Amino acid sequence: MRDIQVSAITETVARLSQEANYYLPEDVLDALKKARRDEEAPRAQKVLDMILRNSEIAEEKQIALCQDTGTTVLFLEMGQDVHLVGGDLLNALAEGVRQGYKEGFLRNSL
């Protein structure tokens, strides 16, 4: 049996909530860079340049890539030999999202 503190789940969800809004995955960045290299239309080139620059700024300054940070959807897999210690799983997940969005300034409504 493996014991997991729900506070660790909360901390991880908070961190991942921010990271999902600060960083584009490498495959997405690579696709944008390839699109920029292959693009011939000046306006489209400029738009792609702005998207790429925005991703750099978001990473450097730790701010959201977009004003609309979306709705958080969590997928969780947990084995049978796991024992949660210190609270409720759903509350830990919700609190992690709340903390991540509040600390990361991802929504003003929290």
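Tutor: The account below goes through the helices in turn, then a pocket, then the end of the chain. This is a predicted model, in which local features need pLDDT of at least 70 and side-chain atom pairs count only at pLDDT 80 or more, while totals for chains, interfaces and linings use all residues. Residues are numbered from 1 along each chain as its sequence is written, and side-chain values use heavy atoms, with hydrogens and water left out.

Start with helix H1, which spans residues 6-22. Helices (H or I, at least four residues) and strands (E, at least two) are DSSP runs, numbered from the N terminus. H1 has 17 residues and reaches 25 Å from its first C-alpha to its last, close to the 24 Å expected at 1.5 Å a residue. The expected span is 1.5 Å times one less than the number of residues in the helix. Val6, Ile9, Thr10, Val13, Ala14, Ser17, Gln18, Asn21 and Tyr22 are the buried residues in H1. Buried means under 20% relative accessible area, exposed means over 50%, and partly exposed is in between, with a 1.4 Å probe and protein chains only. The buried residues of H1 pack against strand S1 (2-5), H3, S2 and H4. Contact here means heavy atoms within 4.5 Å.

H3 covers residues 42-61. H3 has 20 residues and a reach of 28 Å from first C-alpha to last, close to the 28 Å expected at 1.5 Å a residue. Leu48, Leu52, Ser55 and Ala58 are buried in H3. They cover an arc of only 120° around the axis, which puts them on the same side of H3. The arc is that of the directions from the helix axis to the C-beta atoms. H1 and H2 are among what covers these buried residues of H3. On the face of H3 turned away from its buried side are the exposed residues Pro42, Arg43, Lys46, Glu60 and Lys61.

Ser55 counts as buried because its relative accessibility is 8%. Not counting residues up to four places away in sequence, Ser55 touches Tyr22, Leu24, Leu29 and Leu65.

After H3 comes Gln62, with a positive phi near 55°. Most residues other than glycine have a negative phi. Gln62 belongs to the loop between H3 and S2. Gln62 counts as partly exposed because its relative accessibility is 34%.

H4 runs over residues 89-103 and has 15 residues, with 21 Å from its first C-alpha to its last, close to the 21 Å expected at 1.5 Å a residue. Its buried residues are Leu89, Ala92, Leu93, Gly96, Val97, Gly100 and Tyr101. Seen down the axis of H4, they fall within an arc of 160°, so they line one face of the helix. H1 and strand S2 (82-85) are included in what covers them. Leu90, Asn91 and Glu103 are exposed on the other side of H4.

Now the pocket. On a 1 Å grid over the protein atoms alone, a cavity is a set of points where a 1.4 Å probe fits but cannot get out; a pocket is an open set with protein on both sides within 12 Å along at least five of seven lines, and lining residues have an atom within 4 Å of a point. The largest pocket has a volume of about 210 Å³. Grid points are joined across faces, edges and corners, and the volume is the space filled by probe spheres set on the points. Its lining consists of Val13, Leu16, Ser17, Ala20, Asn21, Thr69, Gly70, Thr71, Thr72, Val73, Leu74 and Tyr101. H1 gives the most to this lining, with five residues. The lining divides into six nonpolar, six polar and no charged residues. Ala, Val, Leu, Ile, Met, Phe, Trp, Tyr, Cys and Pro count as nonpolar, Asp, Glu, Lys and Arg as charged, and the others, Gly among them, as polar.

Phe105 is not a glycine, yet has a positive phi of about 55°. With a relative accessible area of 71%, Phe105 is exposed. Arg107 is in the segment after H4 as well. Arg107 is partly exposed, with a relative accessible area of 33%. Leaving aside neighbours within four places in sequence, Arg107 is in contact with Asp68, Thr69, Gly70 and Tyr101.
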